[in-house]
Amino acid sequence: MFLTGLAALAVVPTLPTAARDLDGVSLFPLVAGCFVAASLLGGVLGGHWADRAGANRPLAAGMVLAVVTLLVSASSTSIWQLAAGRFVDGVAGGMVAVAINTAIGQAYPERLQPRALALMSACWIIPSLVGPPMAGLVAEWWSWRAVFYGLAVLTALPALAVVALLNGRSWKAAPALSEEKTPRPALTVAVAVSVGAALGQYGVSGWDTRHLLFAVSGLALMVLFASRLLPAGTWRAAHGLPATVLLRGLSSGVFFTLEAFVPLMLVTDRDVAPVVTGLAFTGAAVAWAASSWVQGRLPERTPRHRLVVVGALVQVVAVVIAAVGSLPGVPAVTAASSMVVAAVGMGLLAPSLTVLSLAHAPAGRQGYASSAMQTNQNLGQILVLGVASAVFNAFLSGGSNDHIGYAAAFGLLLLPGILAAVLAARARGA
């Protein structure tokens, strides 16, 4: 999990530099979004595999696949190869994350499971502090390819160890309550949603008939299939769990779109050193952890939906800061600081939404609620990033300056941010 977190956090700050070097800035949204789209598929695939054969096999397969995809991305000669590497890496990341959690449930006694899960969460702390700035330094002094190659080398030995240690070992999965609890169509739905998301990300990278057809096809697949993975009433913000799931998608869409576009703007428009963007990611990680710690120390009677409102409004402030930071003459640090401010908002609202989702979950179905939250988090990132990318590329295609395109993309994020603040009351607990 430590290496998974290090790879996930270290790679992201180098992607804008890689897109620029591969002459694929217009396709950057596809590169940034395909990992999220594929992780949804990887999570479903790993979960089904772990339920059928135990968590050891998807865990080992995911680790090996992660090494292979890092090498594919490192050797990229085109933006398309980099996108393919990121997509397969998303599948591997989704498999590993789900397999590790499942392995804890299958292999550890119940009294040790909370401690094991807490240890997995702690494994992300150091990667969030050192991964982004170290990757930025390597990309600046050497090459962005060295970041991918270095991570592949670091991951190779543990991957081989996992395969060797788990060879022949089997943890029995808990029997399903009924056949309908583990339906095979869920995997088909996840494939359709992931493919639709990837098609949509490519479609919004241009403004011609071909791109429009891809965008429409991707949107159609997501509209047809995504609702099957979510609670009924999610899109209309029905009170309780559906509204909570919707809010997770809106807030995640705002935050992760900022994390995609701000570094891209800093590298391609402001010519900021990659290490600066890495420090911005580190600052955001620290701010998220700090605000999450604060919300955890508030009195138990504090209404969670009000924290969601506060977090959403903080995100709106971050969007305004990013828009102002895109204007000529404004210091680049202004835009970079928007990521930190947005992380403060996420640290307040993300745990609150998790608490509300568990409170609203039907008896014995907390796992279903958690899965729905994770699914819509990915969908929110994909859809909001896709729409913002379409707006950005529309301005560029019309001959506008880059800073106008960035300002328009950031301005669009005001809508989901404000909508989350308005709808938070519908997630109110009992």
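Predicted model: local features only at pLDDT ≥ 70, side-chain atom pairs only at ≥ 80, totals over all residues.
Trainee: Where is S73 placed, and is it buried or exposed?
Mentor: S73 sits in helix α4, which covers residues 56-74, and with a relative accessible area of 2% it counts as buried, because buried means under 20%.

Trainee: And which residues does S73 touch?
Mentor: If you leave out residues up to four places away in sequence, S73 touches L82, G85, R86, W144 and F148.

Trainee: You mentioned R86, so which residue does it form a salt bridge with?
Mentor: R86 is paired with D89, and the closest N and O atoms of that salt bridge are 3.2 Å apart. The two residues lie three apart in helix α5 (residues 79-107), which means that about one helical turn separates them.

Trainee: Are D89 and R86 buried or exposed?
Mentor: Both D89 and R86 are buried.

Trainee: How many salt bridges are there in the whole structure?
Mentor: A search of the whole structure finds two. In one of them the side chains of R20 and D21 meet, at 3.8 Å from N to O. R20 is partly exposed, with a relative accessible area of 35%, and D21 is also partly exposed, at 44%.

Trainee: New topic: how many residues are in the largest nonpolar core?
Mentor: The largest nonpolar core has 100 residues, and those with the most contacts inside it are F148, L151, V193, L258, V262 and F410. Helix α11, residues 241-268, gives the largest share of this core, with 15 residues. Apart from that core lies another of ten residues, among them L59, M63, I100 and L166.

Trainee: What is F410 in contact with?
Mentor: Setting aside its neighbours within four places in sequence, F410 is in contact with several residues, including L258, F261, V262 and M265.

Trainee: How many aromatic pairs does the structure hold?
Mentor: The structure holds six aromatic pairs. In one of them, the rings of F255 and F256 have centres 5.0 Å apart and planes at 85°, so that pair is edge-to-face. F255 is buried, at 2% relative accessible area, whereas F256 is partly exposed at 26%.

Trainee: What about F392 and Y406, how are their rings arranged?
Mentor: Their ring centres are 4.6 Å apart and the planes meet at 40°, so the pair is tilted. This pair links distant parts of the chain, since F392 belongs to helix α15 (residues 366-397) and Y406 to helix α16 (residues 402-412), 14 residues apart. F392 is buried, with a relative accessible area of 3%, and Y406 counts as buried at 1%.

Trainee: Which residues form one aromatic cluster?
Mentor: F255, F256 and W288 form one aromatic cluster.

Notes
Residues numbered from 1 in each chain as written. Heavy atoms only, no water. Helix = DSSP H or I, 4+ residues; strand = E, 2+ residues; numbered from the N terminus. Buried < 20%, exposed > 50% of the residue type's maximum accessible area, 1.4 Å probe, protein only. Contact = heavy atoms within 4.5 Å. Core = buried A, V, L, I, M, F, W, Y, C linked by side-chain atoms within 4.5 Å. Salt bridge = Lys/Arg side-chain N within 4 Å of Asp/Glu carboxyl O. Phe/Tyr/Trp six-rings, centres within 6.5 Å; stacked < 30°, edge-to-face > 60°.
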